[in-house]
Amino acid sequence: MKALIIYYSQDDSTRIVAETLSNKLNTDIVEIKDKKPRKGFKNRLTSSFDAIREVKTEIIPNNVDVSNYDVIYFGTPVWSKKPSPAIITIIDKCDLRGKDIVIFATMSKSGGTATLDRMEEKIKARGGRVIERFTIKTKGKSKSYLKKYSEAYAKMLDLSLYH
Ligand SMILES: Cc1cc2nc3c(=O)[nH]c(=O)nc-3n(C[C@H](O)[C@H](O)[C@H](O)COP(=O)(O)O)c2cc1C
């Protein structure tokens, strides 16, 4: 069973989760970068607006070939109770027919359920089947806490996916 993790992260939290899962579950991994400037107060407002309105963005890589994978993970930070524009953009470019999908989101404190619901809708529309989903609260959490938490999730996912 071949798995790929696709993630976007602006400030490292989602990256830590994605990299930990990838190491523990031996998956391939692709980071999606957003070409639009996202740092700073003004850009944060635009980012929130873009997330709420689901404005597409230019991403690097422009596309990901998922045809060789059975299981695909999508990870994103929560932006204004929505998935980040970069992850919505890549989901809408992938052919997910027949694929099992795991989705996860990191957030300060809330909006994770709405974010994952929206991702799940998008993924279903592209033919994917969401088999697992989880959120992680990051506010005030150290990198080592996020790593430990993700390791615990990796164990659980390993069991549900491979046995
Ligand atoms: C534009 C923007 C909007 C955000 N909106 C929310 C939100 O609605 N709820 C929440 O709990 N956290 C929100 N956050 C915080 C992030 O979801 C949180 O810090 C996340 O773990 C960051 O992940 P990253 O380090 O991978 O970028 C927002 C952050 C940004 C930059």
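**View 1. Pairing of β5 with β7 in the predicted model.** In β7, Asp 100 is the bridge partner of Val 71, and the strands β5 and β7 (residues 100-107) run parallel, joined by 7 bridges. Strands here are DSSP runs of E with at least two residues, and helices are runs of H or I with at least four residues, numbered from the N terminus; two strands count as paired if DSSP finds at least two bridges between them. This is a predicted model, in which local features need pLDDT of at least 70 and side-chain atom pairs count only at pLDDT 80 or more, while totals for chains, interfaces and linings use all residues. Residues are numbered from 1 along each chain as its sequence is written.

View 2. Strand β1 (residues 3-7) pairs with β5 in the parallel sense over 5 bridges, and Tyr 73 in β5 is the bridge partner of Ile 5. Of the 9 residues of β5 (residues 71-79), 9 are buried, a residue being buried if 20 or more other C-beta atoms, placed from the backbone, lie within 10 Å of its own.

**View 3. The hairpin of β5 and β6.** Strand β6 (residues 82-83) runs antiparallel to β5, with 2 bridges joining them, and Pro 83 in β6 is the bridge partner of Val 78. The hairpin has 2 residues between its strands, and Ser 80 in the turn has a positive phi of about 50 degrees.

**View 4. The shell around the ligand.** The ligand is surrounded by 22 residues, the closest being Ser 9, Asp 11, Ser 13, Thr 14 and Pro 77, where a residue is near if its C-beta atom, placed from the backbone, lies within 6 Å. At least two residues of this shell come from each of α1 (13-25), α2 (41-53), β5 and β7.

How values were computed:
Buried ≥ 20, exposed ≤ 12 C-beta atoms within 10 Å, placed from the backbone.
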